[in-house]
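Reader: I am new to this structure and would like to learn how to read it. Where should I begin?

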Amino acid sequence: AGLTPLCAAAKSGFADIFDHMLQSACIEEWTFGPVTSSLLPLDDVDYIPGKVDGAIEHIICKGHLELVTLPKVQKLLTEKWDRFAEYLFIRKAAWA
């Protein structure tokens, strides 16, 4: 109820639909030969304070871990860890 199509696919575990929707949501910035730079809007994908749950939260809460293996999700989680979570984890572990 009240889910975006991307979040509904994540919550239901429909990997093909979820992957297709992620690919469709990407905005191509530029292409140079075989290299392409694209943006992925995080509105429906990741948790944003003040908004409804993102697709990643539905994937984890419902146990659809096969969706975590999708390349775009892997990239997002790796980037999130490298930029934010690793620092917070180490900082919190140091104070424990």
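Author: We go from the whole chain to single residues. Keep in mind that this is a predicted model.

Reader: How many helices and strands does the protein chain have, and in what order do the elements run?

Author: Start by listing the elements. The protein chain has four helices and two strands. Read from the N terminus, the order is α-α-β-β-α-α.

Reader: What box do the C-alpha atoms fill?

Author: Taken along the principal axes, the box is roughly 45 × 40 × 25 Å.

Reader: What share of the 96 residues is buried?

Author: A residue counts as buried when its relative accessible area is under 20%. Buried residues make up 23% of the 96 residues here. The protein chain exposes about 7,000 Å², and carbon and sulfur atoms supply 62% of that area.

Reader: Is H58 buried or exposed?

Author: H58 counts as buried because its relative accessibility is 9%. This residue lies in helix α3, which spans residues 55-62. Setting aside neighbours within four places in sequence, H58 is in contact with L3, C7, A10, K11 and D53.

Reader: Why does F32 count as exposed?

Author: The cut-off for exposed is over 50%. F32 has 67% relative accessibility, so it counts as exposed. F32 is found in strand β1, residues 27-32. Together with W30 and V35, F32 makes a nonpolar surface patch of about 370 Å².

Reader: Why does A93 count as partly exposed?

Author: Partly exposed is the class between buried and exposed. The relative accessibility of A93 is 45%, so A93 falls in that class. A93 sits in helix α4, residues 71-95.

Reader: How do I read separation along the chain against separation in space?

Author: Take a pair of residues and look up both values. A93 and L70 are 23 residues apart along the chain, and their C-alpha atoms are separated by 30 Å. P5 and M21 are 16 residues apart in sequence, with 8.4 Å between their C-alpha atoms. P5 is in helix α1, residues 5-12, and counts as exposed because its relative accessibility is 57%.

Reader: What share of contacts joins residues at least 24 apart?

Author: Among contacts between residues at least 6 apart in sequence, the share is 45%.

Technical notes: Residues numbered from 1 in each chain as written. Predicted model: local features only at pLDDT ≥ 70, side-chain atom pairs only at ≥ 80, totals over all residues. Heavy atoms only, no water. Patch = residues over 30% accessible without salt bridge, like charges linked within 9 Å, V, L, I, M, F, W, Y side chains within 5 Å. Areas by Shrake-Rupley, 256 points an atom, 1.4 Å probe, with all protein chains shown as cover. Salt bridge = Lys/Arg side-chain N within 4 Å of Asp/Glu carboxyl O. Buried < 20%, exposed > 50% of the residue type's maximum accessible area, 1.4 Å probe, protein only. Contact = heavy atoms within 4.5 Å.
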